[in-house]
Amino acid sequence: MPQDQKPVLSVRDYSLGYKVGSDTLSVLKTINLTINRGEILGLVGESGSGKSSMASAIMRYLAPNAIENAGAIHLGATDLRAQTPRQLADLRGSRVSMVFQDPATALNPTLKLGEQLAEVLMRHQGLTSAQAWKAGEERLAHVGLKSPAEMMHRLPHEVSGGEKQRVVIATAFACNPELIIFDEPTTALDVITSRQILDLFAGLQAETGVASLYISHDLALVARTARRVAVLQKGEIVEEGDTVTLFRAPQHPYTRALIGAVPRPDRRLVKADPAPEAAPLVKVRGVSVNYGRKSLLDSLLRRDFTPVVGNRAVTLDIKPGEILGIVGESGSGKSTLAKAMTGLNRFDGLIEFDGKPVRGLSDMGRDYRRDVQIVFQHPDASLNPRQRISEILARPIRLYGGRDGLPRRRQIEEMLERVRLPATYIDRFPHQLSGGEKQRIAIARAFLSNPRLVICDEITSALDVSVQASVIELLMELHQQTGAAYIFITHDINLIRQIAHRIAVMYRGDLIEVVATEAIAAPDRAPYTRELLAAVTPPASLTLTA
Amino acid sequence: MTDFLRRLLATPQGLIGSLVVVLVLFAALTGAWLAPHDPDAMAALARYKAPGGDYLLGTDQYGRDILSRILSGARSTVTMALLATLLGTLLGAVVGTGSAYLGGRWDEAIMRTVDAVMAIPSLLMALLVVSLLGASGANALLAVAIAFMPGMARITRAVALTVRKQDYVSAAVARGEGSLYIVLREMLPNVIAPIVVEMTIRVSFAVMLFATLSFLGLGAQPPAADWGLMVSEARQYLHRSPWILIWPSVVIAITAIGFNLLGDGLRDALNPRT
């Protein structure tokens, strides 16, 4: 076929901007891309680099304030920019389709999975509803879902995240499109699930020979998936080439910085273990957390009430100055434990802090609150958008008392310098800061009270890889200065192997095991730990992919 | 701020609403001086005059100039409506935010009480309060404020529930902050935007509610130049001169529509994404 010689997607000298007020914000600058049949092109970049705008431009689904230049976007022989909305509607789903980041929002929660899949087939292939339903079942079986006939009748909330993403992928592949755009398809999924989804994608890709644009911020993932990679920085493609060569010998400084920032378990960032014979700072003894409460009606009718289990009898120790990593998939109870320890959740059991027993909220006095600080995942949510940095940082000083003889404002400015932010930020609002800077403010707030235990709840997972590296560096520095113990909750196992002394593995509310970081890869680990580790893409593949 | 104003004035409802409200507020502030005649001066020879000539909007049953009465009445009517709404909103917002923060059984108890109060129509509620406390302007103000409180509490609670789940509230709880600080300083500033919108719309209800109370003789007392009272008095002279009834009614309607439009405009301007 003549189309086989022509690239499936070609983008020529394409620029895109958004009109904001009277200014134009440039998002993509003179982009050139081609994807051939059967090829996967990885598009890597940090947030704000214009990755998703590229996807929208190809799908011709742009915001009304978008301004484009004269550049061309061709799908095979079709000029996508010249299509009428009606023609585009025919194209989408049949010749180009898209897989979004979060399957939970990509599927309509009020429609059965089967209806959503069959609709595509009816719309583009002219099947009757019965035929489409039958074909849908086949498609679902094809993406490795067990009992597809039942699955067709379920609603999105009745299946797991991984199953949802499989349905989305089945829908994308349903009409054998020429091009599929994947916009961070595994970011919202667990390590093990996303590994399975990637394997599925690789299989389907090889089988159908569809051309794919794989958008991601995760370099390790892209290195595994794509054969050719383009690196996007601030709307410009700074480097493009064969995956192996690009990762082995990156030319552009930005690419080098990106690759250098990826966490590697073999590069330890933390000094030797804390004194092993020291008495534990915190003893967690049989702490259980249950969600939900028995309603009045339940007790009146003597109905049984089964609470949702968050943690089941977790027992662990943290030594002074130790960094304890907690890993596990979402829903494993990592954050639940953190919330119990900071008095945000009720719990049963005993927490002993520095010899003092804490059995519930009422035992958490001012001293405990001062000694145990928490930093949350999303700095956008953990800093009050209506308060200035000065007010946010003044609270811990006010509550716990700062150093005497020094004006409060001066103390805040000193703290800002310690977290490497200019002292002039003191009068700004959080929205005037970048994501990484906001997280530094949150860290500053925690350290202002001179805590002895800091709980970091996924604090870098909302950040770009280069920002993450600098935040981790700051945390390690503060660790050395203050000697505070850390509980570092994360799902990034490569990262935690860099910084933790010991790692606790959690699964569905249970603590599976606590092991020294060096021994995490040992063969005699619990089966779940081994499974989790096997699913992680080792960053070594950045240099070793053959 | 200028950006916000531009967004507000960009929509037709925002522009018209702002214009009308500014006009009404201007009248409320300067009406007494602008009035061409003494609003209370009677003229036996100039009764039931149609609009035109010396009396731009005509005269009423005592020969008082309607334009002057509307202008000088703007102050009491609009100020009362604004004050009552402000008071009701503030009380409702604190109750709603507090309820959302406390959660659990407290939330349940507060909200069911609010529901019970809400079951009584606001006019009936206001009538009840006024007849208990006696008919006067101040009592009418209190009555309207109390009548507005449950509705505002409900709306605020709905918004505050989402704010309650934000990490900055969790951070404050984990820090050991007091409940009062969390409700007033952490949560309330973040629920203010929808409250402001709701408040603007409620001002128009308040204008009408006051007019109704005055109409029923429970609000402003004659010979005050209150718009609602003017409509009430004019009722008997409808067949002699409809203008006495029409003008204050028109002004009440315009004010209500103006605040309503402003509320719609504010809602769009405060949520640039919708």
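1. The stretch that opens this note is residues 15-35 of chain B, where the end C-alpha atoms lie 27 Å apart and the span is 95% helix and 0% strand. The model is a predicted one, and the UniProt record, an unreviewed entry, places the feature "transmembrane region" at residues 15-35, 78-103, 123-148, 203-224 and 244-263 of chain B. One of these spans, residues 123-148 of chain B, is 88% helix and 0% strand, with end C-alpha atoms that are 10 Å apart.

2. As for the annotated domain, the unreviewed UniProt entry places "domain: ABC transmembrane type-1" at residues 74-263 of chain B. In the predicted model, the end C-alpha atoms of residues 74-263 of chain B lie 20 Å apart, and the span is 84% helix and 0% strand.

3. Taken as a whole, chain B has a secondary structure of ten helices and zero strands, and its pattern along the sequence reads α-α-α-α-α-α-α-α-α-α. Along the principal axes, the C-alpha atoms of chain B fill a box of roughly 75 × 45 × 25 Å.

4. In one pair, helix α3 (residues 66-102) of chain B packs with helix α6 (residues 137-164) of chain B at an angle of about 35°, their axes being 5 Å apart. The crossing in which α3(B) passes α6(B) is right-handed, and the residues of the contact of α3(B) with α6(B) divide into 21 nonpolar, ten polar and three charged.

5. In the other pair, helix α9 (residues 227-234) of chain B and helix α10 (residues 243-270) of chain B have their axes 8 Å apart and pack at an angle of about 150°. Angles over 145 degrees count as roughly antiparallel, and α9(B) and α10(B) are therefore roughly antiparallel to each other. The crossing of α9(B) and α10(B) is left-handed. On the side of α9(B), the contact is made by B:Trp227, B:Met230, B:Val231 and B:Ala234, while α10(B) brings B:Ile244, B:Leu245, B:Pro248, B:Ser249, B:Val251 and B:Ile252. The residues of this contact of α9(B) with α10(B) divide into nine nonpolar, one polar and no charged.

6. Turning to chain A, an open sheet of six strands has the order β17-β18-β19-β14-β20-β21 (chain A), and the pairing within this sheet is mixed. The edge strands, each of which pairs on one side only, are β17 (372-375) and β21 (510-516) of chain A, and from one strand to the next the twist averages 20°. At the edge formed by β17(A), this strand and strand β18 (residues 453-457) of chain A pair in the parallel sense over four bridges, and A:Val372 stands opposite A:Leu453 in β18(A).

7. Finally, the contact of the two chains takes 17 residues from chain A and twelve residues from chain B. On the side of chain A that touches chain B, the elements that give two or more residues are α15 (366-371), α16 (379-382) and α17 (389-400) of chain A. Among these elements, α17(A) gives the most to that side, with three residues.

Note on methods. Residues are numbered from 1 along each chain as its sequence is written. Chains are lettered from A and ligands numbered from 1 in the order in which they are written. This is a predicted model: local features need pLDDT of at least 70, side-chain atom pairs count only at pLDDT 80 or more; totals for chains, interfaces and linings use all residues. UniProt positions are given in the numbering used here, feature names are shortened, and annotations may be inferred rather than shown by experiment. Two residues are in contact if their C-beta atoms, placed from the backbone, lie within 7 Å. Axes are lines fitted to C-alpha atoms, for helices over the stretch in contact, and angles run from 0 to 180 degrees between N-to-C directions. Angles under 35 degrees count as roughly parallel, over 145 as roughly antiparallel, 65 to 115 as roughly perpendicular and the rest as oblique. A crossing is left-handed if the near helix is turned anticlockwise from the far one by less than a right angle, and right-handed if clockwise. Ala, Val, Leu, Ile, Met, Phe, Trp, Tyr, Cys and Pro count as nonpolar, Asp, Glu, Lys and Arg as charged, and the others, Gly among them, as polar. Two strands pair if DSSP finds at least two bridges between them.
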